[in-house]
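Subject: Handing over the structure

Hi,

Here is the structure I promised to pass on.

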Amino acid sequence: MQEDAGEFVDLHVPRRCSASNRIVGAQDHASIQMNVGEVDKVAGRFSGQFKTYAICRAIRRMGESEDSIPRLAKADGTVSKN
């Protein structure tokens with residue numbers, strides 16, 4: 001729920017799977033969340049910012065997490081497309 005100003009007022013906003021957009025429940029102990037750091041292209045060092053990806057149990061069980069993480073990183077521009 002949002003206020004008129006656009007701020008979230010809910011106590012809990014559930015995580016969503018980055019690959020399938022499913023809600024990652026509290027009892028989903030097989031899910032993962034990983035932070036991929038952004039690297040400065042000139043200096044080649046960590047810039048202090050990162051992208052967060054959450055992968056739910058269903059995607060991991062199907063073995064699709066190995067394919068979805070690079071696909072998501074390429075779509076965000078974190079990894080080069082070639």
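This is a predicted model: local features need pLDDT of at least 70, side-chain atom pairs count only at pLDDT 80 or more; totals for chains, interfaces and linings use all residues.

Residues are numbered from 1 along each chain as its sequence is written, and side-chain values use heavy atoms, with hydrogens and water left out.

**The core**

The largest nonpolar core is made of 11 residues: Cys17, Val24, Val36, Tyr53, Ile55, Cys56, Ala58, Ile59, Ile69, Leu72 and Ala73. By nonpolar core I mean a set of buried Ala, Val, Leu, Ile, Met, Phe, Trp, Tyr and Cys residues joined through side-chain atoms within 4.5 Å. Buried stands for under 20% relative accessible area, exposed for over 50%, and partly exposed for anything in between (1.4 Å probe, protein chains only). At least two residues of this core come from each of strand S4 (46-55), helix H1 (57-62) and helix H2 (65-76). H2 gives the largest share, three residues. Helices (H or I, at least four residues) and strands (E, at least two) are DSSP runs, numbered from the N terminus. As background, nonpolar side chains tend to be buried together in soluble globular proteins.

Leaving aside neighbours within four places in sequence, isoleucine 55 is in contact with Cys17, Ala19, Ser31, Ile32, Arg60, Ser65, Ser68, Ile69 and Leu72. Contact here means heavy atoms within 4.5 Å.

The structure holds zero disulfides, a disulfide being a pair of cysteine sulfur atoms within 2.5 Å. The sulfur of cysteine 17 has its closest cysteine sulfur in cysteine 56, and at 3.6 Å that is too far for a bond. Cysteine 17 is buried at 2% relative accessible area, and cysteine 56 is buried too, at 3%.

**The loop around aspartate 28**

Aspartate 28 sits in the loop between strand S2 (23-24) and strand S3 (32-39), and is buried, with a relative accessible area of 14%. Not counting residues up to four places away in sequence, aspartate 28 touches Cys56 and Arg57. A polar atom of the aspartate 28 side chain lies 3.3 Å from the backbone nitrogen of arginine 57. That makes a polar contact: a pair of N or O atoms within 3.5 Å where, within protein, one must be able to donate a hydrogen and the other to accept it, and residues adjacent in sequence count only if both atoms are side-chain atoms.

Serine 31 is in the loop between S2 and S3 as well, and counts as buried at 15% relative accessibility. A polar atom of the serine 31 side chain is 2.9 Å from the backbone oxygen of aspartate 28. Leaving out residues up to four places away in sequence, serine 31 touches Arg15, Val24, Ile55, Cys56 and Arg57.

**Salt bridges**

How many salt bridges does a search of the whole structure find? The search finds two, where a salt bridge is a side-chain nitrogen of Lys or Arg within 4 Å of a carboxyl oxygen of Asp or Glu.

- Aspartate 28 pairs with arginine 57, with the closest N and O atoms 3.9 Å apart. This pair links the loop between S2 and S3 to helix H1, 29 residues apart. Arginine 57 is partly exposed at 45%.
- Glutamate 38 pairs with lysine 51, with the closest N and O atoms 4.0 Å apart. Here the link is from strand S3 to strand S4, 13 residues apart. Glutamate 38 is partly exposed at 24%, and lysine 51 is partly exposed at 28%.

**Strands S3 and S4**

S3 and S4 run antiparallel and are joined by seven bridges; strands pair if DSSP finds at least two bridges between them. Valine 36 stands opposite lysine 51 in S4. The hairpin of S3 and S4 has six residues between the strands, and glycine 44 takes a positive phi near 75° there. Glutamine 49 lies in strand S4 and touches Gly37 and Glu38, not counting residues up to four places away in sequence.

Cheers
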